[in-house]
Structure formats: C-alpha cells, structure tokens
Amino acid sequence: MRTSQMLIPTLRDDPGEAETVSHRLMLRAGMIRKVAAGVYTYLPLGLRVLRKVEGIVREEMNRAGAQELLMPIASPAELWRETGRWDFYGKELFRFKDRHERDFCLGPTHEEVITDLIRREVRSYRQLPLNCYQIQTKFRDEIRPRFGLMRGREFIMKDAYSFDKDEEGAKLSYQKMYDAYQRIFARCGLTFRAVEADTGLIGGSSSHEFMVLAETGEETIVYADGGTYAANVERAEVLPPAEASTEPLRPLRKVATPGARTVAEVCAFLNVSPQQLVKTLLYKTPKEIVAVLIRGDHEANEVKLKKLLGVTDLELADPETVAKTTGAPVGFAGPIGLKNVRILADQSVAVMRNLVAGGNEANHHYVDANKDRDFAGVQVADLRNALVGDVSPRGDGRLKIAKGIEVGHVFMLGTKYSKAMGSAFLDPQGQERLAVMGCYGIGVSRTAAAAIEQNHDAKGIIWPVPIAPFHVHLLPLSQSDAVQKQAKILYDQLGQAGIEVLWDDRDERAGVKFNDADLIGAPLHLVIGEKGLAQGQVELKARRTGTVTKLPPAEVPVTVKTRLSDKDPATGS
C-alpha cells in the first residue's frame, strides 16, 4: 500500500487529551480518532491491527472447537430481568426504550442472550458440549471513560460461552479456553501472565485474568518468584503468619495522642513501628456497619471483605457515622469497647501482642491492647492485600509484584445463568438437568492498545510482528528515477513473497519519513538512498533494536522473511 493512497493523518505533537502511551501514540500515528467520550473511529492503520488480532483469535477459537455466531448488540430487558442483572448491573448498562416504550439495553456482555438461545435450541445431552463465540462491538456506559481504547465505552470484544452436561465437562471446556488464550496472546507477540482473579459482575465459581505486563498497567498482580502462582492483587491469597508473638502481655493503658490521627503520626508520637499498630476501619453495607482491623503497614482488601460478608455494596463509613458509632472522630476508632458492631480482623492482627489501637475518644489511643483479653468476639480472616516478600500460598517461593493490563478473562459460571433462565437438557435417563456454563472474553481493541503500552519507545510504537499493520515500511529518500525504480521492484518482490509493505511514496524530507516510520512502528524499515544505491546497497533497519544492515537489493526478500520469522532476535518477535 502506498502512503499517498491511505488515510494516515499523523500528528507531530502529543494531543492534550491523551493520558496514556497507547492513547497518545494511536492518535499521533493516525490510527484512531475520537467521536465522543470513550467512542472512537478506527482509521485504516488501526483497523489493520484489530483485524490481525481478530484473525489470531478466530483461528485459535476454531482450533479449540468453538463455533462462531453473531448476536445483536441490543437485547430486551426481559432477559436481563430473568437473571436479576437489569437492576444489579448498575448504570454501566446503557438502557433505552424503543418506539413502543419497551425496555432494551446495549449489550456489555451476552450471557443472557446466549443462554436464551441455547435453552430454546438445545434439548438433549447429545447436543452437548457446545461452545459458541462472537467478535462484536460492546457498550458499557463507563462513568469516566479514559485512556483511549484502554477504558472506552464502545469497544470490540470476543466473547465465548460453553455449555456442558456436568462439572467435569465444564472444567474440560474451561481448560480448552485457558489453553487457547495462552496460544492467542503468545501468537500476538505479547509478554503476559494468567492470574487467578475475582469473578466480579459476571459471577461464577472461579476465573483467570490474562494480563499483558506493562509498567503503565492499571492492575496490580502478584506472582511467586519460584513457581507458577500468580493472581490479581484483589484475589491473591495471604497465608496466616507462621508464628504468633510470644511477647509477655503488658497492662492495657489509654494515653493521650493529641492531633495524631494517621498511622505515621501515631507511630511518631508513641515511638512505635506500624507493625505494632492496628487500624480500625469502619465500613457500611446495606445491612450493617462492620469494623475491620488491619495492621498498620497493611492495606485492607475490599474484594475479600465483600466475599466474606456476602455483599456487593460496601463503602467506608462517612465521618458522621464513625463519630456516631465510636464516639470519636475519624482517626481514633478502635475495637475496645466498641458496641453493636461486628468486628473482623485480618489474620496478621490475630497473632499480635501489646498492640496500639484507637481509643474511641478524641486524641486518645490504647497502648498494649491484646485480642481476647481486651476485645473479644472477633472474626479472623484473610482481609489484606498481598505484599512483596509474602510467602506464596502455593509454597513456590516469595511473592513479587508487577503491573499489568487485563486483556482476557475466563470464568467458570456453573449453573448461575442456566438456573435463572431455565436452560436445561434431558440426560440419558430422560431426566431434566441444567447446563453447566463457562464464559470467556478477550478485549480485541484493548489488546491492540496493551501491545503498545508494552512495546514502544520515545519515538513511537514498536509493533510485534504478528499484529503489526505492515511488516515493512519502505522509505525511498529521493524522487530520482533510480531510487523510485528500485523501490517499485522491492515493493513488488516483497508483496509477491506475502510480506505486507507500506511504501512512503510522498515527496517529503527524509526526516519527516523517518519520524513517521518510527511513530507507526512497522517491525522493519527498508531505506533506499541515492548514495547507497550507487554502491549497490540498501539499508534494512530493525525498529525494535535500531540495528541497520546494508545489503544488495537482490538479498532483501530473503533477508526480510528471515527477519520477520519468530527466530530472529532483531525484530523482537
């Protein structure tokens, strides 16, 4: 393809609206343009990348035995009311009425629609297992769409849904999808990890997220340095302390701590470490107020807390509620003497001795407080975020932390949706049984953005070979007949070899062409200049490493094919 014939509106300067690397570079490289908040047009270069990702996804889904279909983006409220998600999903579900005043929504996901289809079409165990997928536009009305394609309202997603006769079959379907996802992201040329994750709004018994590792990632993941354990920080298990403190108990004292509210202030005032202090956090649920005890150097994990309490709505208590419940302003709450409040403690707190806690009185704290002796009836659980250096819950080393971008998610749903919607089949004995389900999503547009977050430098994008919009950026530096003739010959030869080439045929300065080529990020740049050509040479540059190789034009096709192979380190593929 010739640059002069493509819509590639590159920008010299960073757009003011761009907040992330991928957002900035996709705008500058002319790959996307904003239509509305969180809604984008994909320009030709950007669409080529999406089609590459889709192609890999489609091949691996078909290889795993899934069947492609296409469901509507709009679905009636009746289906969502059957599962209870019409109200539960919240404002992200974009609701509207048709001309007959019937309620509809734009699908953020399609569990209801696919389950409705299967309950009407599948009646016998002989029709199972079944796995259906689609690649389609989704819409979620994010309250703050941001980061370009990373958190938009409209996005392209692959979602698949499996239906099995029993749990054993469902686990097999889940594993097939897990393995397919491993192949998909490896084929996309990405560095990623599959991590244990929370099931969130989708629900179900277990799930894994596939995270592209990038310093700019929104998600925090923990992983074992000596094994395979990895989990989203929201899901990461923390083992109880190996040993409890054996320090002799000291008498409880209440001391004045004027103006000392925060962990740092209290520790400085009392000359103690954060490991000796316990924070008392008050949370509100729809039914009750709970006090959560967390060691001073730890952070509460609200996902774990929600699971323990069996709630979806949870928020920190406001200052008025804190004062009414404890008799003290924020910063002085503690477990001693706390009445009519359920008290939960992280397992690290349970083994502490002679701890510091709020005094439930303004400007006062308790010193040398001890569980059971000074405050009893406490429920102990894993309620904190994992930290670097914690022992892996699988016994395979110590935990480390990395940043990641979620690009895929697999869920073991069980009968959550089939039960709610009556998706049943007849077993060999003629008995009606519920289908056991799984669901599996990949953010196609998000994967493209995540690839940029992981693969870029100060000059622009560095595409992995499998999803690059073009393999080679052809850069003739002169309009002379000799240079243009050689460019045409190489363009044709590379095209005949199945190599995708973007030919910059513009009458522009060399610097402009080089800057655009670095910005767009094709894996290889093929430079043809008058001086080099006079010496019988052209230059082949690897975008990732900057390595330049001079070679005769006749050797270009074979050399390019080698460089683009998955065995050549110069392209980083």
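Predicted model: local features only at pLDDT ≥ 70, side-chain atom pairs only at ≥ 80, totals over all residues.

User: Why is Tyr181 called buried?

Analyst: The relative accessible area of Tyr181 is 0%. Buried means under 20%, so Tyr181 falls within that class.

User: What makes Phe192 count as buried?

Analyst: Phe192 has a relative accessibility of 18%. The cut-off is under 20%, and therefore Phe192 is buried as well.

User: Why is the pair of Tyr181 and Phe185 called edge-to-face?

Analyst: The ring centres of Tyr181 and Phe185 lie 6.1 Å apart, with 85° between the planes. Tyr181 and Phe185 belong to helix α6 (residues 167–187), where they are 4 residues apart, which means a separation of about one helical turn.

User: Why is the pair of Phe185 and Phe192 called tilted?

Analyst: The centres of these two rings, Phe185 and Phe192, are 5.8 Å apart and their planes stand at 55°. Stacked requires under 30 degrees and edge-to-face over 60, so an angle of 55° leaves the label tilted. Phe185 and Phe192 also belong to one aromatic cluster, together with Tyr178, Tyr181 and Phe210.

User: How do you know that Arg193 lies over the face of Tyr223?

Analyst: Arg193 is 4.3 Å from the ring centre of Tyr223. The distance limit is within 6 Å, with a further condition of within 35 degrees of the ring normal.

User: What makes β4 and β5 edge strands?

Analyst: An open sheet is formed by 3 strands in the order β4-β6-β5, with antiparallel pairing. β4 (74–76) and β5 (94–97) each have a single partner strand, so one side of each has no neighbour in the sheet. β4 pairs with β6 (residues 103–106) over 3 bridges, and Phe104 in β6 is the bridge partner of Pro76.

User: Why is strand β15 described as largely enclosed?

Analyst: In β15 (residues 289–295), 5 of the 7 residues are buried, so the strand is largely enclosed by the rest of the structure. β15 pairs antiparallel with β14 (residues 278–284) over 7 bridges, and a hairpin of 4 residues joins β14 to β15. With β17 (residues 342–346), β15 runs parallel, joined by 4 bridges.

Key
Residues numbered from 1 in each chain as written. Heavy atoms only, no water. Pairing = 2+ DSSP bridges. Helix = DSSP H or I, 4+ residues; strand = E, 2+ residues; numbered from the N terminus. Buried < 20%, exposed > 50% of the residue type's maximum accessible area, 1.4 Å probe, protein only. Phe/Tyr/Trp six-rings, centres within 6.5 Å; stacked < 30°, edge-to-face > 60°.
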